[in-house]
Amino acid sequence: MVVKMIKVHGSGNDFYLLDQAQFPEPLTDTDLKQLAINSCKRNGDGLYEGADGILVVDKSDHAQVLGRMRVINADGTEASMCGNGLRTVARYLGTQNSQTDFRVETMYADLKVQAVADFADHVPAYSVEISPVSFDAKNLGMHVNHEATTIINEAIPEISADLKFSAVSVPNPHLIAFVDHATLTGSELGRIGQWLNDGQNKLFPDGVNVSFVEVLGANSIFVRTFERGVGFTDACGTAMSASSLMYVLLHQESTDFNQEIHVTNPGGMVKTVVHQGADEEYWMELIGNATFVKFVTLPLAAALKADFSEATTTITGEQPAYEAFIAGVATV
């Protein structure tokens, strides 16, 4: 039996997309975990250049939903959501079903997705909903102290003597600090991210995504992320969405929603819009590329043994177009 996957990315946050419909029986969770661990290794040890994870597309029994998305990280753990990945899954499902405006089932919610105008020639783009939002410690898996139920722009001495953090679930847990450029590009993010995701710290025993954010100007931010289960990543969609929310709440002169925010990252750029509903709950739009890099086919049994010698690939030609698009985007 062969497995067919598509190498995709949103803002450089790259994945192998796998549709379970190709198999007589869906792959088991054990096989999906092993496939992710084997395929996503970097430095020539995985499938081609590796990836941040595998996006698993499956059927959904929810009304008015085209499909279900699961996110298996490079280390085999499962993430509750992935905004950059959702854009590529939305494109895949929309193309398969000839629809441009629909919902996709994720772990915690059926999220709205919509095709939007291409960012550039051969750079298709999608807008996806990022929700639900929570600041509650229980939803974050946060154990900073027995009294705190939220952390909003506060010092956490166990982590840093100088930085202030905000903790928010979207629904992936995120810890966000606004920093200057030297701190953004320095080694502190790596130190904090590794420690909070070592499986031994008591503050976030299940780990947490950590982002440093630099304010570049009005409605313009740069986000650098150490992602739980991945490490440093070119971009994390939920991190950029959570960072945009905290920017609106903490760094705009007035708390003004529904404005487009320009978010750059090491992998490129996205646009975000922070909304507040009538029930005073927040949700975000994440707008960015949904690039298909190549189609890959290989024997499933070999892939589960980390043997990629028989893999074949068809290049789409979209990656050069994306690289040309981001050539003028400021990155660090």
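My entries on salt bridges and cores follow.

**Ground rules.** I am working from a predicted model, where local features need pLDDT of at least 70, side-chain atom pairs count only at pLDDT 80 or more, and totals for chains, interfaces and linings use all residues. Residues are numbered from 1 along each chain as its sequence is written, and side-chain values use heavy atoms, with hydrogens and water left out.

**Entry 1: salt bridges.** I took a salt bridge as a side-chain nitrogen of Lys or Arg within 4 Å of a carboxyl oxygen of Asp or Glu. How many salt bridges does this rule give? I get 10.

**Entry 2: Arg70 and Glu78.** I looked up this pair next. Their side chains form a salt bridge, 2.9 Å from N to O. For accessibility I used relative accessible area: buried is under 20%, exposed is over 50%, and partly exposed is in between (1.4 Å probe, protein chains only). Arg70 is buried at 13%. Glu78 is partly exposed at 35%.

**Entry 3: Glu318 and Arg91.** Here the closest N and O atoms of the salt bridge are 2.7 Å apart. I checked where the partners sit. Glu318 is in helix α8 (residues 318–326) and Arg91 in helix α2 (residues 83–97), so the pair links distant parts of the chain, 227 residues apart. Helices here are DSSP runs of H or I with at least four residues, numbered from the N terminus. Glu318 is buried, with 13% relative accessible area. Arg91 also counts as buried, at 14%.

**Entry 4: Arg191 and Glu188.** This salt bridge has its closest N and O atoms 2.7 Å apart. Arg191 is partly exposed at 39%. Glu188 is partly exposed at 24%. I also noted a network: salt bridges with shared partners join Lys7, Asp14, Arg42, Glu49, Asp52 and Lys294.

**Entry 5: nonpolar cores.** I defined a core as buried Ala, Val, Leu, Ile, Met, Phe, Trp, Tyr and Cys residues joined through side-chain atoms within 4.5 Å. The largest one has 50 residues. Which members touch the most others? They are Met69, Leu86, Val89, Val104, Val133, Val168 and Leu245. Helix α6 (residues 237–250) gives the most to this core, with 6 residues.

I then followed Leu86. Leaving out residues up to four places away in sequence, Leu86 touches Met69, Met81, Val104, Leu111, Val113, Val128 and Glu129. Contact means heavy atoms within 4.5 Å. Another core, of 24 residues, lies apart from the largest one and includes Leu184, Leu196, Val210 and Phe226.

Terms used. Helix = DSSP H or I, 4+ residues; strand = E, 2+ residues; numbered from the N terminus.
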